[in-house]
Amino acid sequence: MNAIKHLISIKRLTTETLFNEIIPACINMVPQTISAKATTPNHSLKAVLYFDEDSTRTRMSFAEAIRLLGWDMAQETLACNSRNKKESWLDTLMMWYNYNAKIICARTHQEGVHLWLAEMVEKYNLNMSIINAGDGRNQHPTQTILDLVTIQNKLGRLDDFKIGFVGDLLKSRTTHSLLDALRMRNNISIVCVAPDNVCLPAYHAEGFSNFTQGSDMELLHDCDIINSVRWQAERLEPNSHEFLAFLRIKQKYQINKNLLERLKKGVIIMHALPIDQEVEEICHDIMDDPRVIPYQQAWFGVPSRMAILQIVSQNLTQHISFNHTRNAVIRELKKSSLSEALSATSRKQHDHFVPLEHGMVIDHLEPGSGIIIRMMLKRMEGIKDGIMIVENTKPHKDMLVIKENFLTNDSMIRIAGLSPNATFNIMRNEFFRKIKIDQPQQIISGTGKCLNKNCVTRSGEPSISPRFINRGKNSHPFECDYCGQHFTLSEILPLST
Ligand code: NCD
């Protein structure tokens, strides 16, 4: 994605766009926010605020930003929207479009909705833009942008500092998004303090040379910034055991007078708000301490959201491609007559050599992946018979032999997503072709299942299909492109189903 037509997640922005375009634009909006004077009305732009989760700051600051820009606005909650009657996202989007909404700022309980909506905008060529105002526990990019503007304002820089996160980090979309942005900066040290059951999965540490996680508040002592995070009780069952257990130890994770005195001189305490008054993650008696800045932080929501709205509105007519298979390059390694190819292969005397006259041999599959790919082909291509697995040859690899059948390009791209070194040998009508697929990222699309029940791919939305990106390095490398959760291959493609 180049032009920022949709704001779905921080990860989908380039460093250049976020720090050289968006942040300066937010700072430029500060004078108008202070003056509180609306620009000349522009009735050609209408924004919809759709919030199916509670919000004061995000919703109100979007509304104020829209007023200052002079646009029209419609506000919807779940209580008044037919999503409550199980209308699909696609039909909801089409209705917003029918009634001339150009910019959709949506907060959803479900995760991954915004990417799906943006994909539909592009597929149906709608002149609309999608902004994520928070999706479940996944992402909250506009909060991150206002957090960065706050840090720039208070600290005078966006590099070279130590920042601590404390609270329910596992379920905190504000933390996940802010970490994605800080990963793009230089010399940022991260300290995470959380009870064990809500600490961050290991992959969040990637890209930081200094990342510490623990449950001891003393880890925060030399931080320049501390970001206090609310316990996300609404993401648990009411009166859940987890929340009740947390209430008993809540004081341990509180920012209070006593702790404040032990922290680094000049520390700033941030919080996206709201503070849960039962938990008091920041004690109320320190809210007017100059080091505690959540009210100012929330104020920066207005100029930040004004800038974001203005930037996306300028890019409304751009077309953005989400089709990952378009990035794949199909490379022909060899082409000859079948007899030439067969004699060359038999000369090498592989013990696993399988002569085949009409069909395909998929070679150089990662050991163990053959069985998964065979299942995928049965499920997706409907190839019921004639797939033979040759396992654990020397050197170690799997091979699949498919008799009397040929795969589509999409299917080969999917296989290369799982096993990037795969080569595809095609024997057809006396001819032989060997091809390989290169793609910038390993992507599995159109198959598998996201384990997150709250992911939009599990919502029953017609025609949505899962997509995973292989991030490679960690124990759970397959990231759901929609909801952002990470899984192992056998979790998303279990052999039994
Ligand atoms: C945050 C959110 O909704 O994720 N609040 C906000 O947008 N200002 C944080 C929270 O609710 O804890």
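Predicted model: local features only at pLDDT ≥ 70, side-chain atom pairs only at ≥ 80, totals over all residues.
View 1. His364 has 15 C-beta neighbours inside 10 Å, so it counts as partly exposed.

**View 2. The shell around the ligand.** The residues around the ligand are Arg57, Thr58, Gly134, His140, Gln143, Arg173, Thr174, Arg230, Ala272 and Leu273. Two elements give two or more residues to this shell: helix H3 (57–69) and helix H7 (173–182). By class, two of the shell residues are nonpolar, five are polar and three are charged.

**View 3. The loop between strand S9 and helix H10.** Strand S9 covers 268–271 and helix H10 covers 294–299; Pro274 is found in the loop between them. The peptide bond joining Leu273 and Pro274 is cis, with omega about 5°. Leu273 is also one of the residues around the ligand. Glu280 has its place in the loop between S9 and H10 as well. Phi of Glu280 is positive, near 50°, in a residue other than glycine. Glu280 counts as partly exposed because it has 15 C-beta neighbours inside 10 Å.

**View 4. Helix H6 against helix H11.** Helix H6 comprises residues 141–155 and helix H11 residues 301–314. Their axes come within 9 Å and cross at roughly 120°. That angle makes H6 oblique to H11. The crossing of H6 past H11 is right-handed.

**View 5. Helix H3 against helix H11.** H3 packs with H11 at an angle of about 60°. The two axes are 8 Å apart. H3 is therefore oblique to H11. H3 passes H11 in a right-handed crossing. H3 is also one of the elements that give two or more residues to the shell around the ligand.

**View 6. Glu340 in helix H12.** Glu340 sits in helix H12, residues 338–347. Is Glu340 buried or exposed? Glu340 has 12 C-beta neighbours inside 10 Å, so it counts as exposed. Cys450 is 110 residues away from Glu340 along the chain. The C-alpha atoms of Glu340 and Cys450 are separated by 45 Å.

Notes
Residues numbered from 1 in each chain as written. Near = placed C-beta within 6 Å. Helix = DSSP H or I, 4+ residues; strand = E, 2+ residues; numbered from the N terminus. Nonpolar A, V, L, I, M, F, W, Y, C, P; charged D, E, K, R; others polar. Buried ≥ 20, exposed ≤ 12 C-beta atoms within 10 Å, placed from the backbone. Axes fitted to C-alpha atoms, helices over the stretch in contact; angles between N-to-C directions. Parallel < 35°, antiparallel > 145°, perpendicular 65-115°, else oblique. Left-handed = near helix turned anticlockwise from the far one by under 90°.
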